Amino acid sequence: MDDAEDELPSVAPQLRALRRRTGLTLEAAAARARLSPAHLSRLETGQRQPSLPLLLELARTYGTTVSELLGETPAVADPIVRAGAPGAREADGWTYWRAGGSGRGMQALRVHVPYGRPQGDLVRVHPGEEWLYVLQGRLRLHLGEAEYRLEPGDSAHFDSLTPHRIGAAGAAGADLLFVHTLLQSSLAGVCLGGAAAPR
């Protein structure tokens, strides 16, 4: 290795730990990062140092940041999300409020689902898990071939690779708490029956 490479912090321990944390084999991780398993193995054992473009690709593969790959300690995020905090977003009539911290392995949202909007016909399939809890209104949840009606206080927890669709079952719409894992995959964001849209 040249002098410039010697000055870089070793990413080998972080690469190995992140791959194990995501549950990927060496072969699967290498395929996602478009590397040979032998090359990834050399990176994980410190025999090779990655270039910046490769660091970016590896960060995307593991759903993390280059800072984490380099072992930098991020500032501690505020764990509290206050009621009435700004930041509501709307997409196709659905309204979303952040209900959890950013940069985590899962995302928590408070969602208003209006009645009869296009997203109610959108079937989603993606890696991960989802959990929802109905606060107000009635909700229609389609999981594969099954349809469920949820009332306030009802919740659902399911594998996101099961084709799923969510819609309000009453004219007033529905309000829910929604949590999903943020897994990186070539399948992420796959939607059937419509264009991809944020949840």
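Visitor: How many aromatic pairs does the count come to?
Guide: The count comes to two aromatic pairs. This is a predicted model, so that number is computed from predicted atoms.

Visitor: What about the rings of Trp131 and Tyr133, how far apart are their centres?
Guide: The centres of the Trp131 and Tyr133 rings are 6.3 Å apart. Their planes meet at 15 degrees, so the pair is stacked. The cut-off for stacked is planes under 30 degrees apart.

Visitor: Why give both a distance and an angle?
Guide: A pair of aromatic rings is described by the distance of the centres and the angle of the planes.

Visitor: Where does Trp131 fall, buried, partly exposed or exposed?
Guide: Trp131 has a relative accessible area of 29%, which makes this residue partly exposed. Tyr133 is partly exposed as well, at 31% relative accessibility. Buried would need a value under 20%.

Visitor: What sits over the ring of Trp97?
Guide: The charged end of Arg110 does, 4.1 Å from the centre of the Trp97 ring.

Visitor: Switching to Glu130. Which strand is that in?
Guide: Glu130 belongs to strand β5, which covers residues 129-137.

Visitor: Is Glu130 buried or exposed?
Guide: Glu130 is buried, with 1% relative accessibility.

Visitor: And what does the side chain of Glu130 make a polar contact with?
Guide: With the side chain of His164, in a polar contact of 2.9 Å.

Visitor: Next, β6 and β7. In what sense do they pair?
Guide: Antiparallel, over five bridges. Strand β6 takes in residues 139-143 and strand β7 takes in residues 146-150. One of the bridges joins Leu143 to Ala146 in β7.

Visitor: How many residues are between β6 and β7 in the hairpin?
Guide: Two residues. Gly144 is in that turn and has a positive phi of about 60 degrees.

Visitor: Which residue has a positive phi although it is not a glycine?
Guide: Arg34 has one, also of about 60 degrees. Arg34 lies in the loop between α3 (26-32) and α4 (37-44). Its relative accessible area is 65%, so Arg34 is exposed.

Visitor: Arg89 next. Where is it found?
Guide: In strand β1, residues 89-91. Arg89 is exposed, with a relative accessible area of 65%.

Visitor: What is Arg89 in contact with, leaving aside neighbours within four places in sequence?
Guide: Trp94, Thr95 and Tyr96. As for Val111, which is 22 residues from Arg89 along the chain, the two C-alpha atoms are separated by 9.7 Å.

Methods: Residues are numbered from 1 along each chain as its sequence is written. This is a predicted model: local features need pLDDT of at least 70, side-chain atom pairs count only at pLDDT 80 or more; totals for chains, interfaces and linings use all residues. Side-chain values use heavy atoms; hydrogens and water are left out. Rings of Phe, Tyr and Trp (its six-membered ring) pair if their centres lie within 6.5 Å; planes under 30 degrees apart count as stacked, over 60 as edge-to-face and the rest as tilted. Buried means under 20% relative accessible area, exposed over 50%, partly exposed in between (1.4 Å probe, protein chains only). A charge sits over a ring if NZ of Lys or CZ of Arg is within 6 Å of the ring centre and within 35 degrees of the ring normal. Helices (H or I, at least four residues) and strands (E, at least two) are DSSP runs, numbered from the N terminus. Contact means heavy atoms within 4.5 Å. A polar contact is a pair of N or O atoms within 3.5 Å; within protein, one must be able to donate a hydrogen and the other to accept it, and residues adjacent in sequence count only if both atoms are side-chain atoms. Two strands pair if DSSP finds at least two bridges between them.
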